[in-house]
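Have the sequence and the 3D view open as you read.

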Amino acid sequence: MQVIPVTDVSRGFGSTSRRDTWWVAPLAVFLGLGTFVVYSTWAAFQNAHYTFGPYLSPFYAPVLWASPDYPAGLEHAWFGAKPAWFPALVPFSPALLILPFPGLFRFTCYYYRGAYYKAFWADPPSCAVGEPRKSYWGENSFPLILQNVHRYFLYIACIFLFLLSYDVWLATRWPDGNGGTTFGIGVGTLILALNVVLLTSYTLGCHAMRHIVGGFKDEVSKSAMCDGAYACSSALNYKHQLFAWLSLFTVGFCDLYVRLCSMGIWTDYRIL
Amino acid sequence: MAQATFRIWRTQPGGGGAFQDYQTEVSEGMVVLDAVHRVQAEQAPDLACRWNCKAGKCGSCSAEINGRPRLMCMTRLNSLNLNEPVTVEPMRTFPPIKDLVTDVSWNFRVKKTIRKITPRPPDAPDGTYRFAQRDADRVQEFRKCIECFLCQDVCHVLRDHREFNEFIGPRFLIYNAQLEMNPIDTADRLQDLKDKHGIGYCNITKCCTKVCPEHIHITDNGIIPLKERVVSRFYDPVTRLLHMLK
C-alpha cells in the first residue's frame, strides 16, 4: 500500500468538533472500573469477613487455604490452613490466590479492552477525539499482543462457573441444630445465585467462546451441536457489554453483602 | 421559514482551509445535504460536495457533522440543535480535494491487495452450490457495506496515527471477513491479515460500528471473529499444533 501525501491536520489531545458530551461514557467507565479495582483489591487484602453462614464471597471462592486465625474461612478451605511453606514475606489471603484468574479474564476481554483503552489510556479518549500521544503499537506487538491469551483465561473462567454454582448449592445448606444441614434460602442465596446467572451469561457470550463453539467454521450449520451452541453464544454476545457490567456489579455486591452481614452491619433475612 | 446557520469547511487556494458561516432557510423534513445544496444554489456556487443517491445507499456524501462522521443525506436537521451553527467538514482522515470532497482513492488501492474469492468446485452438475441460509446470512451482513468510508474516517489508527502503510482499516477487515467466512471460499487470508493488513492494530474501540450507517456489527461480527481466527492460527499453541498436523 502506498501512502498518499496528506495535509496533516493538527489534532491535539481532546481536540474535536463534537458537540455532544463525548467525555461522559469514558468517565463513567473510568469511575466504574476504577471503583471495582480499588474495592476488590481492598477486599482481597482483608482476609476476613468473607463468609457468613453458608455464604462464601465469590472473591474468595474457592478457598484453597485459609488463615488459621479466621476459623470461619477454615470451614470452607479445601486444603485447610495456610501451608507452612508459604513465604512469610508474601501477604496471604485466599482471594489473592483466586482473583487474578477472573481478573485477567476480564482484563483481556474484548469489550473491556476497548473500554479501558479509551477510559484509562485515552487511545482514543472517544470516537473522533484527538489523542495525547503520537506513537501507536496497538495489539500488534508487546505488551498488548499478550491480550491474545484471552481464550485460556476463558477456559479457567468456565471452571469458576462450576465452582460458584456449587457455592450457591452450599448456600442453601443451613445448620439444622443437630450437627447436620437442612435446605434453606436466604436473601444472600438469591444474590449469589443471581451472580452466577449473570457471570454465566457474560462468560458464555464471550467473543472467544463464540469462536470456539462454532464461529471458527464457515459452515456452522453443518454440525448441529456447533450450530446450537453458536446461536446461543451469539445471542448472549449481543448483550455482552450489558452482562459485563451487570456481572461486575453483582460479583462486587456479593462480596459486600457477605462482608457486611459478617460484620453485623446488614441482616440476612431467611426466606425459606 | 426558520433560519439556521451552517458552518462549512472551505478549502483555500494556498492550502489548508477554514470554516465559513452560511445562513439559510430550513424546513421540516430537510437533511444536511439539502441545506448544503441550498447554500450551494443560493450563496456559494463553488462549494464542492460529493453526493449521488440522497438515500443513504451510495456512500458518497460522507462528512463530519458537528464533529461526528455521518452521511449528510441521512442526517435530518430535526436531530440537530439549530440554535447554534451546524458544522459540516470533510472526512479528516483523507486528503482534502476541495471543500467537503476528499480523496478516498487509498481505499480502492487497499482493496486490490485482498485475496479474491476462490470458490470450491460446484456442489451440483449445473455449477450451483448448496449451503444453509444462516451461513449465508453471516456474510450477507457485511455485504450491506456501501463503502462510505465513515468507519475508516473514525478509526483512530488511521485518523490519528496515520498507519496507512500498516493497517487496512475496518472497512477492509469487514471485506476480508465477507470473503473469509464465505461458505464456498477456499482461500486463506489469515497470514495476510496478520502481517500485511495489520489486524493487530485494531484495539476494538468500536467507533467504526458506531458510525456505520448500515448498522453492520463491524467489530463484534467481523473484526473480532477474524482476530480469533488469527489467534487460533498464530498465537494459540494448541490450535496451532492441530493446524500443523492437518
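Q: Why is A:T172 called buried?
A: In this predicted model, A:T172 has a relative accessible area of 7%. Buried means under 20%, so A:T172 with its 7% is called buried.

Q: Where is A:T172 found, and which residues does A:T172 touch?
A: A:T172 sits in the loop between α6 and β3 (173–175) of chain A. Leaving out residues up to four places away in sequence, A:T172 touches A:T182, A:F183, A:G184 and A:T189.

Q: What makes the meeting of B:R229 and A:D218 a salt bridge?
A: The cut-off is a side-chain nitrogen of Lys or Arg within 4 Å of a carboxyl oxygen of Asp or Glu. Here the side chains of B:R229 and A:D218 meet at 2.9 Å, N to O, so the pair counts as a salt bridge. Between chain A and chain B the count is 8 salt bridges.

Q: Which elements give two or more residues to the side of chain A that touches chain B?
A: They are α5 (110–121), α6 (150–170), α8 (207–215) and α9 (224–237) of chain A. The residues on that side divide into 22 nonpolar, 14 polar and 17 charged.

Q: How many residues does the contact take from chain A and from chain B, and what area do the two chains bury?
A: The contact takes 53 residues from chain A and 66 residues from chain B. Together chain A and chain B bury about 5,000 Å² between them, with 49% of it on carbon and sulfur atoms.

Technical notes. Residues numbered from 1 in each chain as written. Chains lettered and ligands numbered in written order. Predicted model: local features only at pLDDT ≥ 70, side-chain atom pairs only at ≥ 80, totals over all residues. Heavy atoms only, no water. Contact = heavy atoms within 4.5 Å. Buried area = accessible area lost by both parts, 1.4 Å probe. Helix = DSSP H or I, 4+ residues; strand = E, 2+ residues; numbered from the N terminus. Nonpolar A, V, L, I, M, F, W, Y, C, P; charged D, E, K, R; others polar. Buried < 20%, exposed > 50% of the residue type's maximum accessible area, 1.4 Å probe, protein only.
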